[in-house]
Amino acid sequence: MHLGVFSKYFIPFGNYIIPILLWTTNKEKSEFIDGHGKEAINFQLSILLYTVVLGMFSFPFFIFNVFGDATISDIFHFNDLSINFSDAGGLRTLIGASFIGVIALIGFFLEIIFVITAALKANNGEPYKYPLCIRFIK
């Protein structure tokens, strides 16, 4: 179930579909399988939540730095709208985008490490709790 999340690279939403299918079809077999299935699904839902929050912070930052002096009315009505990459605004945008990109890259690698660790623990018959995981399914 843990390694099933890597199916997202081949199947859209595979990181949710595969673990949910495996968990629902096998959860009655043992409490061990039930626990690992819940952990895998909860971790993917947590990653989704963290990604949405990161996107909510990055999108307005990018828009207001790129469109610099434009008013909200100009942005929605496209009145003489020009994109501003002046030195100060462009540098702020570059620094902000770099910071958000670094956070996303660190999150990507941590996700891979946590999933592989969970799969190895499950293979050894040990329980595993993902760090930074919100327990949506109890």
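Here are some notes on this structure, point by point.

1. Ground rules. This is a predicted model, so to speak of local features a pLDDT of at least 70 is needed, side-chain atom pairs count only at pLDDT 80 or more, and totals for chains, interfaces and linings use all residues. Residues are numbered from 1 along each chain as its sequence is written, and side-chain values use heavy atoms, with hydrogens and water left out.

2. Overall fold. The protein chain has four helices and zero strands, and reads α-α-α-α along the sequence. Helices (H or I, at least four residues) and strands (E, at least two) are DSSP runs, numbered from the N terminus. Of the contacts between residues at least 6 apart in sequence, 62% join residues at least 24 apart; contact here is heavy atoms within 4.5 Å.

3. Surface and burial. The chain exposes about 9100 Å², and carbon and sulfur atoms supply 73% of that; accessible areas come from the Shrake-Rupley method with a 1.4 Å probe, and for residues only the protein chains shown count as cover. Buried residues make up 29% of the 138 residues. Buried means under 20% relative accessible area, exposed over 50%, and partly exposed in between (1.4 Å probe, protein chains only).

4. The main core. The largest nonpolar core has nine residues: V5, F43, I47, F114, V115, A118, Y128, Y130 and C133. Helices α2 (31-66) and α4 (87-123) each supply at least two of its residues, with α4 giving the most, three. Such a core is a set of buried Ala, Val, Leu, Ile, Met, Phe, Trp, Tyr and Cys residues joined through side-chain atoms within 4.5 Å. Leaving aside neighbours within four places in sequence, Y130 is in contact with H2, E39, A40, F43, F114, V115, A118 and R135.

5. Q44 and Y16. Q44 sits in helix α2 and is buried, at a relative accessible area of 1%. Not counting residues up to four places away in sequence, Q44 touches V5, N15, Y16, E111 and V115. Y16 belongs to helix α1 and counts as buried at 18% relative accessibility.

6. G4. This glycine lies in the segment before α1 (14-26) and is buried, with a relative accessible area of 13%. G4 and N15 are eleven residues apart in sequence and 6.4 Å apart in space, C-alpha to C-alpha. Beyond residues up to four places away in sequence, G4 touches G14, N15, I18 and P19.

7. Largest pocket. Its volume is about 460 Å³. Of the 18 lining residues, the closest to the centre are I47, Y50, T51, G107 and F108, and α2 and α4 each supply at least two residues of the lining. By class there are 14 nonpolar, two polar and two charged residues. On a 1 Å grid over the protein atoms alone, a pocket is an open set of points where a 1.4 Å probe fits, with protein on both sides within 12 Å along at least five of seven lines; lining residues have an atom within 4 Å of a point. Grid points are joined across faces, edges and corners, and a volume is the space filled by probe spheres set on the points.

8. Second largest pocket. The volume here is about 150 Å³, and the lining includes F32, H36, E39, Y128 and R135. By class, the lining has four nonpolar, three polar and five charged residues.

Terms used. Nonpolar A, V, L, I, M, F, W, Y, C, P; charged D, E, K, R; others polar.
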